[in-house]
Amino acid sequence: MTKSDLIERLTAKQPHLAPKDVELSVKIMLEQMSLALASGERIEIRGFGSFSLHFRPPRVGRNPKTGDAVTLSGKYVPHFKPGKQLRERVMNSTHIPIKE
Amino acid sequence: MALTKADMAEMLYEQLGLNKREAKELVELFFEEIRLALESGSNVKLSGYGNFVLRDKSQRPGRNPKTGEEIPISARRVVTFRPGQKLKQRVENYAGSGEQ
């Protein structure tokens, strides 16, 4: 399911809302979530999961072309921990093959 | 402070003028549609944010950490999140003090 599929499904289930508003809503929600993480804030959605940042410490990497050592500074990466309800619902669907 | 569904509904109310009940319902449905897709075996791709990817894990040997007794960990399906390029870049530069 892509973002546009998601927008279509929401539009179908919320017929009282203008499709344009549903589309904008999805974009606003994703932007708000990105912005929260980009400012170091966690996201907590009960039954779905939580997003937080994990720190990756600085390390010495190599330029794959020249083999030179390069110092890479520490950075943060987004991390998702599925919530109980999501975990359980997915666990109970192992009989359905995974589609792309 | 973590971002919650209530904050997201508030944003839709402020930015789009959805009434509070509609906004709350749409935020709830947004996460429910993602859960529905995942429980029906579909990966979810939200461009600019990231992908929710299902993975089947086969049974593996485990241990009860308290008793040391060997018990197999049954086959299961889990959800993983792969942040998109755009989100990774926005988060990488977060100059927070220390780990969360």
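**Entry 1: the interface**

I am working from a predicted model. I started with the contact between the two chains. Chain A gives 57 residues to the contact, and chain B gives 57 residues. I then looked up the buried area. Chain A and chain B bury about 5800 Å² between them. Of that area, 64% lies on carbon and sulfur atoms.

**Entry 2: polar and charged pairs across the interface**

I searched next for pairs that cross from chain A to chain B. The rule finds 21 residue pairs in polar contact, both residues at pLDDT 80 or more. It also finds four salt bridges across this interface. I looked up a salt bridge between Glu31(A) and Arg90(B). Their closest N and O atoms are 2.9 Å apart.

Which elements of chain A give two or more residues to the side that touches chain B? I listed the helices α1 (3–13), α2 (19–38) and α3 (84–91), and the strands β1 (43–45), β2 (49–56) and β5 (75–82). The largest share comes from α2(A), with 15 residues. I got 31 nonpolar, 13 polar and 13 charged residues.

**Entry 3: the sheet of chain A**

I turned to the strands. Chain A has an open sheet of three strands, in the order β1-β2-β5, and the pairing is antiparallel. The edge strands are β1(A) and β5(A), each pairing on one side only. On average, neighbouring strands of this sheet are turned by 30° against each other, direction ignored. I checked one pair in detail. β1(A) and β2(A) pair over three bridges. Ile45(A) has Gly49(A) in β2(A) as its bridge partner.

What lies across β2 and β5 of chain A? I found helix α3 (residues 85–92) of chain B there. This helix runs at about 125° to β5(A).

**Entry 4: salt bridges in the whole structure**

I widened the salt-bridge search to all chains. The whole structure gives 15. I looked up a pair within chain A: Glu23(A) forms a salt bridge with Lys20(A). The closest N and O atoms of this pair are 3.7 Å apart. I also checked their places in the helix. Glu23(A) and Lys20(A) are three residues apart in α2 of chain A, so about one helical turn separates them.

Note on methods. Residues numbered from 1 in each chain as written. Chains lettered and ligands numbered in written order. Predicted model: local features only at pLDDT ≥ 70, side-chain atom pairs only at ≥ 80, totals over all residues. Heavy atoms only, no water. Contact = heavy atoms within 4.5 Å. Buried area = accessible area lost by both parts, 1.4 Å probe. Salt bridge = Lys/Arg side-chain N within 4 Å of Asp/Glu carboxyl O. Polar contact = N/O pair within 3.5 Å; in protein donor to acceptor, adjacent residues only side chain to side chain. Helix = DSSP H or I, 4+ residues; strand = E, 2+ residues; numbered from the N terminus. Nonpolar A, V, L, I, M, F, W, Y, C, P; charged D, E, K, R; others polar. Pairing = 2+ DSSP bridges. Axes fitted to C-alpha atoms, helices over the stretch in contact; angles between N-to-C directions.
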